[in-house]
Amino acid sequence: MQNAAPQTIYLKDYTPPAYLVDSVHLTFKLAPTTTRVIARIAFRPNPQAQSREFFLHGEQLRLISAAIDGQPVTPDVTPTGLTCAVPNTPFIFESEVEISPQTNTALEGLYMSNGMYCTQCEAEGFRKITYYPDRPDVMAVFTVRIEGDLPVLLSNGNPVAKGEGWAEWHDPWPKPAYLFALVGGNLVNHADSFTTMEGRDVALNIWVRPGDDEHKCAFGMGALKASMKWDEDVYGRAYDLDIFNIVAVDDFNMGAMENKGLNIFNSSAVLASAETATDANFERIEAIIAHEYFHNWTGNRITCRDWFQLCLKEGLTVFRDQQFTGDMRGHAAKRIDDAVVLRAHQFREDGGPLAHPVRPASFVEINNFYTVTVYEKGAEIIGMLKRLVGDDGYKKALDLYFDRHDGDAATIEDWLRVFEDATGRDLTQFALWYAQAGTPRVTVTDAFDNGNYQLTLTQMTPPTPGQPEKAAMHIPVAVGLLDNAGKEIVPTRILELTEPVQTFTFEGLAGKPVASILRGFSAPVILDHTQTNAQRAFLLAHDTDPFNRWDAGRALAQDVLHDMVRDDKVPDAAFFDGLAAVLRDDRLDPAFRALVLGLPSQDDTAQALVDAGQTPDPTAIFQAHEALGLQIAQHLQDTLPRIYAQMAVTGPYTPDAKSAGKRALGNRVLALMSKIDGGRQAAAQYAEADNMTQQLAALGALLNIGKGLDELTAFETQWQHDRLVMDKWFGLQVTCAGPENTANVAARLTAHPAFTMKNPNRFRAVFGALKANAAGFHDPSGASYDLLADWLIKLDALNPQTTARMVTSFDTWKRYDTNRQDKMRAALGRIAGTPSLSRDTTEMVTRILG
Ligand code: ARG
Ligand code: ZN
């Protein structure tokens, strides 16, 4: 394969397609290494076009023949596509190509996984299937015929006809090529049905390989039906085909894909049973099923004009799935979970060499921009818009969006215009959220005088790659005021910060209040609010806003850790007392108490130290975390067993939020207890566990204190037949390894017969865990850096997408001391110097090195 010099693509260069497609007929003759794809495409010149050049994307295709209006032609073929002379009037382009799904290890285009044919076309995979204008603003009606000696043959839309060894599908909704999908295999379906509010009976199927997986579909099906109902109830959007299929695939680069009528899922994102999946897995599955289903309206019915607009569908769809999970499982805990993810991953990305705007201005490989910034910060922007225009304004704007843009390939400008038209607000400044990278920092000072409370907010967004200067943003800051007794005296209101510095006055107060700022995490900013431990403890005890209540505890813990890392300082008693009060408060939801008890991650602490202008030492951070955990366990010694017992869930396992919350708290407590009881309770829980949540938590608690070797072996014996459970077994050992041991443990696991780099889940189990074990990854020997680099170099030749994604483990290299910096740079240099490194990985390494 030859690699053309990597080309940068710019948003500003967008031009409309030269030709539009009315319809496509595809015939697939499936064969592992010699699949034939016959395409019949009805083109017409686009009246809006600026050029008449006819170019079809196509990569790694063997062209057998081509014709225009029935006359054979010989196009000019390059490694990226073909050109050809075409008429000025509508015409039919036909081609036949050969492709090899069996050897497609990149898992993009048509590939095979465990004997099953499947596709992944977003973003630009369709061009590896046939010659086509593979861009989202070319939308067409697809008819697909599949021939293959397999019992189940699926594609988008509704089934038309089928016989022995063939099936035909027709999708009446015009769609871009990235939403095309095909599946062929020996599969069985978990079937159900749903009647839409418009009275349409929809057949629902989850397709899996025969065997154990058949018993892991019920939960996903329930989540699908709940999602369909929710989108009707909350957004007024009904499903629009007679059938909705989900297929579970073991080898998949991402979580799942919203292909029209045929969603394809990483099996880890759909299959679950009490015995094999944890509460966290159940919640993730519910959210991903909802996410992909919601794309039917926000993504498929309204798609993106070009890939720079990715956040148009992803930010909105993430926001919708977050709302859904909040409705299903409780909004307070969901908001906290989302903020934890955003701060841990998006703030990290936004503060390093990979920072990019939610709508990037350029890219080399679009797959590198399926990021937490596009997705999660993209969702935060929707949340801010909703806060600014209110629930009614949001509803009006969304109705207008669906009305005005159904069937369109739209842009962020279109999106913002519906908000302006529906609510009359001027969003010119707000639009900067899409264009400006970096996490704004909002600093708070206050003053009280004569009944007037003045809050002064200062905003600053740091420079990011390519964006040295930043303008002031439009930031909704939710604020409430409490009196000294903890009573709320001014309920939450939204302050709109639009200037670099702005003062807001609250009048007629009896005394100086305690301000609760950025309630509900009303904007994705870093809040710089100097408070004493006593003030933080006060808010932890009294804030009426659950997010800020939790966040006060978090800030307190962060301060404590910071002091311990810096000068071994003994934690303030206010911290332990605050934790104990929350832990013992039976009126509080166990899920919330579990969140308060969860310390910031070691990487969070490193980030906080960087924010404070220091060089973090991962080893010292690890030690501080360990020491603090032990001290918490000792301080709460008397309380822990009581809470643990109270959190026992009796009866058969159910994954509902209430029992999951109890288990979450029980298992946090168990981890603490293990630090002082030598693992006695954890071993008992392991022995009794009848579900994966309890089993895995017990095993983790044991491994974390250097025990549990027998359990680890027993676990392997028990679960060696189950790939998804074995991923946990691989990952947990790396997560729980001590810092000096982490690289060895990971290396040993790569030699295990069940390790394979061809399966992204398995590769991520080991190497995602290596990144997550911050002290182990950053062990000063550099052993983990070298191990990861070795494996990424090997993986790149097979699967560039997953390699490029995992190379981001190195994106914080500039934070650290020169020893670690040198070693990380050397590892990155070694990757960069690999002959014929993929475009994906080349772009990422180049950006990381800066
Ligand atoms: N649209 C999918 C989702 O968010 C993600 C697919 C991304 N795939 C990729 N190769 N970049 O649901
Ligand atoms: Zn999505």
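**Figure 1. The loop that holds Asp 69.** Asp 69 is found in the loop between strand 5 (62-68) and strand 6 (71-72). Strands (E, at least two residues) and helices (H or I, at least four) are DSSP runs, numbered from the N terminus. Phi of Asp 69 is near 45°, a positive value in a residue other than glycine. The model is predicted: local features need pLDDT of at least 70, side-chain atom pairs count only at pLDDT 80 or more, and totals for chains, interfaces and linings use all residues. Residues are numbered from 1 along each chain as its sequence is written, while chains are lettered from A and ligands numbered from 1 in the order in which they are written.

Figure 2. The peptide bond that runs from Glu 122 to Ala 123 is cis, with omega near 0°. Ala 123 belongs to the loop between strand 11 (116-120) and strand 12 (140-147). According to UniProt, the annotation "domain: Aminopeptidase N-like N-terminal" (unreviewed entry) covers residues 96-179. UniProt positions are given in the numbering used here, feature names are shortened, and annotations may be inferred rather than shown by experiment. The span 96-179 is 0% helix and 50% strand, and its end C-alpha atoms lie 21 Å apart.

**Figure 3. The shell around ligand 1.** Ligand 1 is surrounded by 13 residues, of which the closest are Glu 122, Met 254, Met 257, Asn 367 and Tyr 370. A residue is counted as near the ligand if its C-beta atom, placed from the backbone, lies within 6 Å of it. Strand 20 (256-257) and helix 2 (279-294) are the elements that give two or more residues to this shell. By class, the shell has five nonpolar, four polar and four charged residues. Ala, Val, Leu, Ile, Met, Phe, Trp, Tyr, Cys and Pro count as nonpolar, Asp, Glu, Lys and Arg as charged, and the others, Gly among them, as polar. UniProt places "domain: Peptidase M1 membrane alanine aminopeptidase" (unreviewed entry) at residues 221-430. Over residues 221-430 the chain is 56% helix and 10% strand, with end C-alpha atoms 39 Å apart.

Figure 4. The protein is divided into domain 1 (1-186), domain 2 (304-435), domain 3 (441-523) and domain 4 (720-850), with bounds that come from an automatic or database domain assignment. The C-alpha centres of domain 2 and domain 4 lie 30 Å apart. Eight residues from domain 2 and twelve residues from domain 4 take part in the contact; two residues are in contact if their C-beta atoms, placed from the backbone, lie within 7 Å. On the side of domain 2 that touches domain 4 there are three nonpolar, three polar and two charged residues.

**Figure 5. Helix 8 beside helix 10.** The axes of helix 8 (residues 533-542) and helix 10 (residues 573-584) come within 10 Å and cross at roughly 0°. Axes are lines fitted to C-alpha atoms, for helices over the stretch in contact, and angles run from 0 to 180 degrees between N-to-C directions. Helix 8 is therefore roughly parallel to helix 10. Angles under 35 degrees count as roughly parallel, over 145 as roughly antiparallel, 65 to 115 as roughly perpendicular and the rest as oblique. Residues in the contact include Ala 537 and Leu 540 of helix 8 and Phe 575 and Gly 578 of helix 10. The contact has eight nonpolar, two polar and no charged residues.

**Figure 6. Helix 9 across helix 12.** The axes of helix 9 (residues 546-567) and helix 12 (residues 602-611) cross at roughly 75° and come within 10 Å, and the two helices are therefore roughly perpendicular to each other. Helix 9 contributes Gln 558, Leu 561, His 562 and Val 565 to the contact, and helix 12 contributes Thr 605, Ala 608 and Leu 609. Four of these residues are nonpolar, three are polar and none is charged.
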